Each structure stands twice: as C-alpha cells, then as structure tokens.
Amino acid sequence: MILYGREVADKMSEEILNEVKELKDKGIEPKLAIVRVGRNESDLSYERGAIKRAEKLGIKVEVFELQEDIKTDDLVGCIERINNDKLIHGILLFRPLPKHIDENHIKNAINPIKDIDCINPINVAKVMEGDKTGFAPCTPSAVVEILKHYNIDIKGKNVVVIGRSMVVGKPLSMLLLNEDATVTICHSKTQNLKEVTKNADILIVAIGRAKFINREYVSNKTTVIDVGINVDSVGNLCGDVDFDDVKELVKDITPVPGGVGAVTNTVLFKNLVKACKMQMGY
Ligand SMILES: Nc1nc(=O)c2c([nH]1)NC[C@@H]1CN(c3ccc(C(=O)N[C@@H](CCC(=O)O)C(=O)O)cc3)C=[N+]21
C-alpha cells in the first residue's frame, strides 16, 4: 500500500483547527517565527509548505530572513528578541546553519518552551526520557504520526533505522523505542547492511542519498518509510529509496514527495499550538 502523507496531514489539521479556534475565542492568536539564515532551496521548500499550511489553519507566521554571513552574536540577538516577544509562541530555526555559526551557542539560546523543532538540549533530553512536556523534532514525529494513522503496529516489532543524524535518525530511534519497538540503528559503518534491512518489519531510511535503497534491501513483508528529501539527476524531488524499483515488492511504502515531508509541517503547527497553550496556561 502507498502511505500518502496528505491524508495524515489533513486529519491532524482538523484537530489543530479546532484548537486554534478555541484559543482565538479566548483572544489568543498562536504565532510562529521562522528564522532562516540565507536562501537554500531545502529551507525555502519547507517554508513554502509551512506558510501554505499556516494559512489553512489560520495561524500567523513571521519570517526572519537573515544574511548568510550573519555573526553568531547577531543571530543570538534575533533569537532573544523572539524569546521575549510574548506574541510569538514557537520558533523554527532552519538547519544546518552556515559553518561559521557557533551552533552550540545558538541551540542553547532558543527558549526551550518555544523550541518546537527540538534544537535545545533540554528538549533533546526530554525525547530521550519520553517526557511529553518537551518537543520532539518534527520530521521524526511525522514518521510516528504516519505509522499510527495507518495502524502499523510497531510494539516489539523489528524496526530498522538507517541514519543517525541529530535531526532524524537519533531522535526517531528514541521515539520508536518509547513506543516499544525493537530498534536497530544502521549507519555508514554497519556491516552486511542488506541482511539487517531484509529482516526489518519496518525500514526507515534517513541517509540523504538519492535512491540508495533498492529491492536488494527489502522483502515482501517490509513497510518502508522514506524520510529522504533529495533532488535526482533530472532535478526532481526524490527520496533515499528507489521507489519504482521496490514499490511492487514491499508491503507498504511512503512516496517522496507526498509522504513524510507532507506531514512534517503539520506536526510543526501541532507543536506550536501545544507551546502556545503551555505559555498561556491552558
Ligand atoms: N530545523 C530544521 N528542521 C527541519 O525539519 C528542516 C530544516 N531545519 N531545514 C530544512 C529541512 C528540509 N525540510 C523539509 C520538510 C518538508 C518538506 C516538504 O514539505 N516536502 C514536500 C514537497 C515540497 C515541495 O514540493 O517543495 C513533500 O515531501 O511532499 C521539505 C523539506 C525540513 N527541514
């Protein structure tokens, strides 16, 4: 079965719309700050999707576009202004940041209660502890939302994650563990990768290499979740999985585009409403 993200995002949006309406009835307008350093396509693609989704949800977004060569201290200054702005409830700071920026300083500058994409170490620790008062990163959360929406049971199941980045692989593995999955984390040094992945009930790929996974890595019992967002040789968006090569063979698969990415920005607004309620005492 093809696991489309659109129906997951639309279902989640119904709940978010109701919560936004309740807040507006109390005179509260949830507002997101998007902080973008430079103009790279991956950030702009996400920003476009997020702004479109915000319009549908009646949520205000303010974009802070900063110069690529901004100094760390000036970026901290921008974040502190947002931290102190009572009308802004959540911050999305696009990563990766330019190399010259001291990312450690930045991570700790974001107020944890507004850190709805989980950059601050306090929220990273809360993901580790399964503490729901924090925020998990949006892309890993989108994977869990898709599995839940399509009733794909992961309790005790053999879930293989390929990739161990701080943005996807590592936090996602913790979220899956917190849902009682048996998680195997693979990476560039893993030996006999194909044997490991062929055994997976659920295979989640987040390596950033276009069409890397083909039929040799999967079986007819595999559910494939493709977190990859790449551009192929002819300029089309594609995932880390060779969709055409495996789609007839596997049990389920998410497409790219139209899969995990399509759910990510909706999770962002689910986290924004949660942050807004926590800050306003609801
Ligand atoms: N702190 C941080 N968190 C992120 O989650 C983050 C980030 N920085 N930097 C940029 C990348 C990129 N990213 C995308 C998410 C969804 C789509 C998305 O909506 N993709 C649609 C297609 C959109 C289109 O057609 O352009 C889809 O896959 O269906 C794209 C890109 C999140 N990122």
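**Entry 1: the end of α10**

I started at Gly281, which sits just after α10 and takes a positive phi of about 75 degrees. I keep in mind throughout that this is a predicted model. Next I checked the helix itself, α10, which covers residues 260-279. Its 20 residues should span 28 Å at 1.5 Å a residue, and I found the end C-alpha atoms 29 Å apart, which agrees.

**Entry 2: domains**

I looked up how the chain is divided. The domain assignment gives domain 1 as 27-113 and domain 2 as 138-261. I get 28 Å between the C-alpha centres of domain 1 and domain 2.

I then turned to the UniProt record. An unreviewed entry there places "domain: Tetrahydrofolate dehydrogenase/cyclohydrolase catalytic" at residues 3-117. That span, 3-117, is 50% helix and 16% strand, and its end C-alpha atoms lie 24 Å apart. The record, again an unreviewed entry, also lists "domain: Tetrahydrofolate dehydrogenase/cyclohydrolase NAD(P)-binding" at residues 137-279. For residues 137-279 I note 36% helix and 17% strand, with 19 Å between the end C-alpha atoms.

**Entry 3: helix α6**

How many residues of α6 are buried? I count nine of the 12, so this helix is largely enclosed by the rest of the structure. The cut-off I use for buried is under 20% relative accessible area. The buried set is Cys138, Pro140, Ser141, Ala142, Val143, Val144, Glu145, Ile146 and Leu147. I also checked the geometry of α6, which runs over residues 138-149: the first and last C-alpha atoms are 16 Å apart, close to the 16 Å expected at 1.5 Å a residue.

**Entry 4: the UniProt binding site**

I went back to UniProt for the feature "binding site", which an unreviewed entry places at Gly163, Arg164, Ser165 and Ile229. I picked Arg164 to look at. Arg164 is in the loop between β4 (158-162) and α7 (169-178). With 39% relative accessibility, Arg164 counts as partly exposed.

**Entry 5: a nonpolar patch**

Together with Val231 and Leu237, Ile229 makes a nonpolar surface patch of about 290 Å². I placed Val231 in strand β8, residues 230-231. Is Val231 buried or exposed? I have Val231 down as exposed, because its relative accessibility is 55% and the cut-off for exposed is over 50%.

**Entry 6: salt bridges**

My count for the model comes to 21 salt bridges. I followed a few of them.

In helix α1 (residues 6-25) I found Glu15 and Lys11 four residues apart, about one turn of the helix. I remind myself that an α-helix has 3.6 residues a turn, so residues three or four places apart point the same way. The side chains of Glu15 and Lys11 meet in a salt bridge at 3.5 Å, N to O. Glu15 is partly exposed at 41% relative accessibility, and Lys11 is partly exposed with a relative accessible area of 41%.

I then looked at Arg48 and Glu41, whose side chains meet in a salt bridge at 2.9 Å, N to O. Arg48 is partly exposed, with a relative accessible area of 47%. Glu41 also counts as partly exposed, at 47% relative accessibility.

My next pair was Arg95 and Glu103, with the closest N and O atoms of their salt bridge 3.1 Å apart. I have Arg95 as partly exposed with a relative accessible area of 23%, and Glu103 as partly exposed at 25%. Elsewhere in my list, salt bridges that share partners join Arg36, Arg39, Glu47 and Glu65 into one network.

**Entry 7: Asp73**

My last stop was Asp73, in helix α3, residues 72-84. Its relative accessibility is 56%, so Asp73 counts as exposed. How far apart are Asp73 and Ile106 in space, C-alpha to C-alpha? I get 8.8 Å, for two residues that are 33 residues apart in sequence.

Key. Residues numbered from 1 in each chain as written. Predicted model: local features only at pLDDT ≥ 70, side-chain atom pairs only at ≥ 80, totals over all residues. Heavy atoms only, no water. Patch = residues over 30% accessible without salt bridge, like charges linked within 9 Å, V, L, I, M, F, W, Y side chains within 5 Å. Areas by Shrake-Rupley, 256 points an atom, 1.4 Å probe, with all protein chains shown as cover. Salt bridge = Lys/Arg side-chain N within 4 Å of Asp/Glu carboxyl O. Helix = DSSP H or I, 4+ residues; strand = E, 2+ residues; numbered from the N terminus. Buried < 20%, exposed > 50% of the residue type's maximum accessible area, 1.4 Å probe, protein only. Domains from an automatic or database assignment. UniProt positions renumbered as here; feature names shortened; annotations may be inferred. Expected span 1.5 Å × (residues − 1).
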